[in-house]
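Subject: Structure handover, with cavities, pocket and salt bridges

Hello,

Here is the structure for you to look through. My notes follow directly below it.

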Amino acid sequence: METILSTHGLARTFTTKRGTVEAVRGIDMTVERGEILGFLGPNGAGKSTTLRMLTTLLPPTRGTATIAGHDLARDPVAVRRRIGYVAQRSGVAADETVRDELVFQGRLYGLTREDAVRRALELADDLDLADLLDRKGAALSGGQQRRLDIALALTHRPAVLFLDEPTTGLDPGSRAALWDLIRRVRDEQRTTVFLTTHYLDEADALSDRLVVVDGGLVVAEGTPLDLKTRYGGSPDAGLQDTFIAITGHGPKPAEPAPLAL
Amino acid sequence: MPSLFTETGVVFGRYLRQTLRSRISVIFGLMQPLLFLVFFGPLLRDVPLGGEGDSWQTLVPGLLIQLGLFSAAFAGIGVIIEKQLGIIERMRVTPVSRSALLFGRVLRDVVQLLVQSLLLVLLGIAFGLRAPVAGVLIAFLLVGLMGASLASLSYAFAMRVRTAQEFAPVVNSINLPAMLLSGILLPMALAPGWLDTISRFVPFRYVVEAIRAVFVGDYGDAAVLQGTLAVAVLAAVSLTAGVRLFGRADA
Ligand SMILES: Nc1ncnc2c1ncn2[C@@H]1O[C@H](COP(=O)(O)OP(=O)(O)OP(=O)(O)O)[C@@H](O)[C@H]1O
Ligand SMILES: [Mg+2]
């Protein structure tokens, strides 16, 4: 096993006019090369904030992280060369064509013009975008746009691919296609995939391992089977019930009746 | 590793293509100065303005500054939209230099401003402006540097705000007084003492006066040196601030 990502006490506090928000309180975890890691947690648990720290977009308030052998704080540029990131809100310009976006992305990663054009065609073939090369961003469906987002993030064959809710808003067919794509990327290039999702069936089907966060802390981790056995009561438990057992964010247990005086 | 120069060129290319695609924005920025030129300029023809040269040689330099203020100072709006769409983060997660992300955009804004300036001067000539070619070229240099300064401040500010609704009122409330206090439509020589004093703190005033001097071919005038210095200091300060703020990790 080869550790590709590790964090120690990674934390982030936001200061707002209303006071401070401890979005992430201290996350310790390790991810092995080639793993598909499902990063779960209720709304506001700190998933996106963690991803934005790991992708060098947000400086941590405390803690450290090492990604693909590079320290996040000391050498963010080296980290950037080894990671790809698809944000919760995607980043495609409405008036740029798929081709121009792909070529531009290649050039941001330092490819020459010819190499960037060649890589754009490769990615388009690979991600089923070849017929859409001259379409503008605004004219893509949700699923097509997501495929383009992922193609952009794969331009430089990253060692770690971070996906923040990649399948939100997609129809079942597009979701299944995206799962296949994610598995294929991992199988063909041993890319480590770090993804967040609110779809527990997706987490179950796709992830080798799950990390559940709540209130900015890791509250459980293990294979889907582990977690079901440990928290859901049996290996056949639904991940839904398991998730609720872990985070306690479900229907509240019946309140004891108030004592009559 | 690609140089800052190459990376700036890549970013510049993307934004120049976007501008060429929506040529309307070039005309839009030009609208206000053109209206002044056509509907206000002719009124000044026989008014004594106290400077050297005729009324067009006084008015057109001011309109160039007005153009710079309105064209470049609003450049940041584009970044706010890109931020909302996640495009900024997508670029910032790549190893490209953050300075290149700024300089590429600023360069596009300067090119756009110079094209607009050329159109403005050509229309001015149609109306009766006469100015030496060398003078016009010096004016473009000053306007270009001023545009680079304003655009880079505009981007730095845009990185700090969330919405265009927060951005536009602030820029407007700086632009309008800056424009009036620079003696853009009429020379500040006509101003009472107190107004003249205030306007001396506005760097654009010196740029307008320098351009008025070069438009009458008076290259040795002290105003030319003052204007050049003002614009050089402005550019140094603004580009440094821009690089700092645009490059901040948490911007
Ligand atoms: N820029 C910010 N300023 C202030 N608070 C923030 C900021 N970004 C996030 N937060 C807060 O930090 C907490 C964690 O947010 P985050 O976006 O990481 O959650 P999440 O787990 O991704 O949630 P979701 O599942 O809804 O996407 C939330 O309470 C959020 O309001
Ligand atoms: Mg999120």
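The search gives 2 cavities of 30 Å³ or more. A cavity here is a set of points, on a 1 Å grid over the protein atoms alone, where a 1.4 Å probe fits but cannot get out; lining residues have an atom within 4 Å of a point. Grid points are joined across faces, edges and corners, and a volume is the space filled by probe spheres set on the points.

This is a predicted model: local features need pLDDT of at least 70, side-chain atom pairs count only at pLDDT 80 or more, and totals for chains, interfaces and linings use all residues. Residues are numbered from 1 along each chain as its sequence is written, chains are lettered from A and ligands numbered from 1 in the order in which they are written, and side-chain values use heavy atoms, with hydrogens and water left out.

The largest cavity has a volume of about 120 Å³. Its lining has 15 residues, and Tyr85(A), Val86(A), Ala87(A), Asp149(A) and Arg90(B) lie nearest the centre. Two or more lining residues come from each of β6 (83-86) and α5 (142-154) of chain A and α5 (87-92) of chain B. Helices (H or I, at least four residues) and strands (E, at least two) are DSSP runs, numbered from the N terminus. α5(A) gives the largest share, 3 residues. By class, the lining splits into 7 nonpolar, 4 polar and 4 charged residues. Nonpolar covers Ala, Val, Leu, Ile, Met, Phe, Trp, Tyr, Cys and Pro; charged covers Asp, Glu, Lys and Arg; the others, Gly among them, are polar.

The second largest cavity holds about 30 Å³ of space. Among the residues that line it are Leu40(A), Leu200(A), Val212(A) and Phe243(A). β9 (209-214) and α9 (239-247) of chain A each give two or more lining residues. α9(A) gives the most, with 4 residues. This lining has 8 nonpolar residues, 1 polar and no charged ones.

**Second largest pocket**

A pocket is an open set of grid points with protein on both sides within 12 Å along at least five of seven lines. The second largest pocket has a volume of about 880 Å³. It is lined by 30 residues; Ser25(B), Phe74(B), Ala75(B), Ile77(B) and Gly78(B) lie nearest its centre. In chain B, α1 (4-21), α2 (24-39), α3 (55-72), α4 (76-84) and α6 (98-127) each supply at least two lining residues. α2(B) has the largest share, 6 residues. The lining counts 16 nonpolar, 9 polar and 5 charged residues.

**Surface patch**

Ile27(B), Met31(B), Leu35(B) and Phe39(B) form a nonpolar patch on the surface, with about 400 Å² of accessible area together. Patch residues have over 30% relative accessible area and no salt bridge; like charges are joined within 9 Å, nonpolar side chains (Val, Leu, Ile, Met, Phe, Trp, Tyr) within 5 Å. Areas come from the Shrake-Rupley method with a 1.4 Å probe; for residues, only the protein chains shown count as cover. Phe39(B) sits in helix α2 of chain B. It is exposed, at 63% relative accessibility. Buried means under 20% relative accessible area, exposed over 50%, partly exposed in between (1.4 Å probe, protein chains only).

**Salt bridges**

There are 27 salt bridges over all chains. Each needs a side-chain nitrogen of Lys or Arg within 4 Å of a carboxyl oxygen of Asp or Glu.

Asp95(A) pairs with Arg21(B), with the closest N and O atoms 3.6 Å apart. Asp95(A) lies in the loop between β6 and α3 (98-108) of chain A and Arg21(B) in helix α1 of chain B, so this pair joins two chains. Asp95(A) is partly exposed at 31%. Arg21(B) is also partly exposed, at 31%.

Arg14(B) bridges to Glu101(A), with the closest N and O atoms 2.8 Å apart. This pair crosses between chains, from helix α1 of chain B to helix α3 of chain A. Arg14(B) is buried at 0% relative accessibility. Glu101(A) is buried too, at 0%.

Asp187(A) and Arg186(A) form another salt bridge, with the closest N and O atoms 3.0 Å apart. Asp187(A) is exposed at 53%, whereas Arg186(A) is buried at 17%.

In chain B, salt bridges with shared partners join Asp196(B), Arg200(B), Arg205(B) and Glu209(B) into one network.

Best regards
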